[in-house]
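Please look over the sequence and the structure before reading the notes.

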Amino acid sequence: MKEECLCLSSGLQLPRLDTLKELEIYGDQDLRDKARDILDYSARCVALTTLK
């Protein structure tokens with residue numbers, strides 16, 4: 001299911017990780033187009049406490 005994973009620009013799909021506590025995003029200066037998908041994904045990671 002598309003909303004249950006994060007698809008990276010490389011094509012790699014990262015499944016929802018219920019134990020994920022911190023997610024750091026770097027390298028891509030133009031995240032505006034991707035921000036909604038990243039935040040939606042992180043909202044489903046129930047243990048996530050930090051998003052950078």
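The notes below move from the overall fold to individual residues.

The model is predicted, and the protein chain in it has one helix and four strands. Along the sequence, these elements follow the pattern β-β-β-α-β. The mean pLDDT of the protein chain is 77, and 79% of its residues reach 70 or more.

**Confidence**

- Within the protein chain, strand β2 (residues 13-15) has the highest confidence, at 84, and strand β1 (residues 5-7) has the lowest, at a mean of 77.
- Where pLDDT is low, the predicted coordinates are not to be read in detail.

**The chain as a whole**

- Of the 52 residues in the protein chain, 17% are buried.
- The chain exposes about 4,300 Å², and carbon and sulfur atoms supply 52% of that area.
- Taking the contacts between residues at least 6 apart in sequence, 63% join residues at least 24 apart.

**The nonpolar core**

- Seven residues form the largest nonpolar core: Leu6, Leu20, Leu23, Ile38, Tyr41, Cys45 and Leu48.
- Leu20 is one of these core residues. With its neighbours within four places in sequence left aside, Leu20 is in contact with Tyr41, Cys45, Ala47 and Leu48.

- Which residues of α1 are buried? They are Ile38, Tyr41 and Ser42. These residues lie on the same side of α1, because they cover an arc of only 95° around the axis.
- An α-helix has 3.6 residues a turn, so residues three or four places apart point the same way.
- On the other side of α1, Arg36 and Ala43 are exposed.
- The cover over the buried residues of α1 includes β1, β2, β3 (22-23) and β4.
- Ser42 belongs to helix α1, which spans residues 35-43. Ser42 counts as buried because its relative accessible area is 9%, and buried means under 20%.
- Beyond its neighbours within four places in sequence, Ser42 is in contact with Leu48 and Leu51.

**Strands β3 and β4**

- Glu22 is located in strand β3, whereas Thr50 is located in strand β4 (residues 50-51).
- Is Glu22 buried or partly exposed? Glu22 is partly exposed, with a relative accessible area of 43%.
- Thr50 is also partly exposed, at 25% relative accessibility.
- Glu22 and Thr49 are separated by 27 residues in sequence, yet their C-alpha atoms are 6.0 Å apart in space.
- Thr50 and Glu24 are 26 residues apart in sequence, and the distance from C-alpha to C-alpha is 8.0 Å.
- Apart from its neighbours within four places in sequence, Glu22 is in contact with Leu48, Thr50 and Lys52.
- Thr50, with residues up to four places away in sequence not counted, touches Lys21, Glu22 and Leu23.

- Lys34 is part of the loop between β3 and α1.
- Lys34 is partly exposed, with a relative accessible area of 37%.
- Lys34 and Leu8 are 26 residues apart in sequence, and their C-alpha atoms are 9.8 Å apart in space.

**The salt bridge**

- Side chains of opposite charge can pair when their charged atoms come close.
- How many salt bridges are counted in this model? The count comes to one salt bridge.
- This salt bridge joins the side chains of Asp18 and Arg16, with a distance of 2.8 Å from N to O.
- Asp18 is partly exposed, at 37% relative accessibility. Arg16 is likewise partly exposed, with a relative accessible area of 33%.

Note on methods: Residues numbered from 1 in each chain as written. Predicted model: local features only at pLDDT ≥ 70, side-chain atom pairs only at ≥ 80, totals over all residues. Heavy atoms only, no water. Helix = DSSP H or I, 4+ residues; strand = E, 2+ residues; numbered from the N terminus. Buried < 20%, exposed > 50% of the residue type's maximum accessible area, 1.4 Å probe, protein only. Contact = heavy atoms within 4.5 Å. Areas by Shrake-Rupley, 256 points an atom, 1.4 Å probe, with all protein chains shown as cover. Core = buried A, V, L, I, M, F, W, Y, C linked by side-chain atoms within 4.5 Å. Salt bridge = Lys/Arg side-chain N within 4 Å of Asp/Glu carboxyl O. pLDDT = per-residue confidence, 0-100. Arc of directions from axis to C-beta.
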